Amino acid sequence: MCSSDLAGTHHPLFLLSVILAVPLLQFGNVIVLGSTYATFFDTSLLDGTLTAMGEHILGTSFLLVLLFSSVQLVLVVLTKKWNRYVVSSLQLLFFIGIIGAVSLSSHSASLTEGYATGALSNGIHLLAMSLWVGPLFIVSLYGTRLEDGQKFHQWFSALAVFSLLLVSTSGFVMMGEIAPEYVNSWMLTYGQLLLFKNILIFPLLLFGFRHLVTLSGKGVSLSAQERQRSFRAESLFVLAVFIVTAWLTETEPPHNVLRTLQNEPFNPVMQFFLNEPLIENQLIAFSPSLW
């Protein structure tokens with residue numbers, strides 16, 4: 001039984017709501033930018049929003065997302081009698097297009113010297129995470145209908161491991177561009193959020209290993225309810241990662257820590273981890289200890 005079977009291909013309202021949510025949520029960012037333009041140029045919110053859509057990469061990104069999402073809606077509504085594998089392939093194609101469009105306005109794209117390189121690394125990161133987390137969420141919702149755990153394991157475990165490798169590699173590439181001074185960035189809110197996000201990956205690895213063993217039949221077998229609860233617990237950690245990531249996108253990235261400290265205050269949380277107070281323009285160093 002595959003993920004599309006679990007999700008239920010006969011639930012178009014669910015698919016329509018998910019597809020509609022993507023451009024609607026991104027439009028919120030366009031409105032925020034439009035409000036900034038309206039305040040700066042002393043114009044109406046409508047004029048500011050139109051300026052944002054016409055002159056900023058975020059507006060271009062939104063229009064592309066809106067285009068691809070509209071095509072996906074048409075596919076859901078008008079292709080019910082088509083071969084489902086053809087429809088799924090087309091949906092995947094436009095889904096990748098949405099990821100590419102979103103990546104155009106990412107931190108990674110705007111901060112890298114080669115704009116395309118940053119957008120590509122962000123796109124790979126987002127695509128790999130989606131391929132891994134999408135089936136995970138579906139099993140969390142419909143796990144009791146998963147009849148053959150080993151058959152699911154045969155394709156999902158390989159996909160999850162491959163996606164994790166892509167997520168890690170692209171994540172290190174983006175981190176090197178966005179926060180090259182990783183330890184020093186802990187002085188700032190962005191660096192602390194990034195560290196917290198990295199720490200949250202470890203529980204996901206433990207859950208992944210547990211599911212890899214139990215689904216393969218080599219470990220203690222789990223009932224359908226126990227398996228679903230385990231996947232739901234892993235999904236909660238994934239949601240926590242998404243929340244931290246969303247917070248990161250709204251926080252100024254410390255491409256240069258000392259320069260960022262001129263505009264952003266030192267985060268007081270770091271005081272609990274320092275052995276001595278910092279003087280002006282002093283950076284920190286990581287020294288392992290029990291604390």
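A pocket is found on a 1 Å grid over the protein atoms alone: it is an open set of points with protein on both sides within 12 Å along at least five of seven lines, and its lining residues have an atom within 4 Å of a point. Its volume is the space filled by probe spheres set on the points, which are joined across faces, edges and corners.

This is a predicted model, where local features need pLDDT of at least 70, side-chain atom pairs count only at pLDDT 80 or more, and totals for chains, interfaces and linings use all residues. Residues are numbered from 1 along each chain as its sequence is written, and side-chain values use heavy atoms, with hydrogens and water left out.

**Exercise 1.** Describe the second largest pocket by volume and lining.

*Solution.* 
- Step 1: take the volume. The second largest pocket holds about 760 Å³ of space.
- Step 2: find the lining. There are 26 lining residues, and Trp 186, Met 270, Phe 273, Leu 274 and Phe 286 lie nearest the centre.
- Step 3: sort by class. The lining has 18 nonpolar, 7 polar and 1 charged residues. Ala, Val, Leu, Ile, Met, Phe, Trp, Tyr, Cys and Pro count as nonpolar, Asp, Glu, Lys and Arg as charged, and the others, Gly among them, as polar.
- Step 4: look for the main contributor. H9 gives the most, with 6 residues. Helices are DSSP runs (H or I, at least four residues), numbered from the N terminus.

**Exercise 2.** Find which residues touch the most other members of the largest nonpolar core.

*Solution.* 
- Step 1: A nonpolar core is a set of buried Ala, Val, Leu, Ile, Met, Phe, Trp, Tyr and Cys residues joined through side-chain atoms within 4.5 Å. Buried means under 20% relative accessible area, exposed over 50%, partly exposed in between (1.4 Å probe, protein chains only).
- Step 2: name the residues. Among the 26 members, they are Trp 132, Phe 152, Phe 156, Leu 194, Phe 231 and Leu 248.
- Step 3: Helices H7 (115-142), H8 (149-178), H9 (189-216) and H10 (224-249) each give two or more residues. H8 gives the largest share, 7 residues.

**Exercise 3.** Classify the ring pair of Trp 155 and Phe 156.

*Solution.* 
- Step 1: recall the rule. Rings of Phe, Tyr and Trp (its six-membered ring) pair if their centres lie within 6.5 Å; planes under 30 degrees apart are stacked, over 60 edge-to-face, the rest tilted.
- Step 2: apply it. The centres are 6.0 Å apart and the planes at 80°, so the pair is edge-to-face.
- Step 3: check burial. Phe 156 is buried at 6% relative accessibility. Trp 155 is partly exposed at 29%.

Notes:
On a 1 Å grid over the protein atoms alone, a cavity is a set of points where a 1.4 Å probe fits but cannot get out, and a pocket is an open set with protein on both sides within 12 Å along at least five of seven lines; lining residues have an atom within 4 Å of a point.
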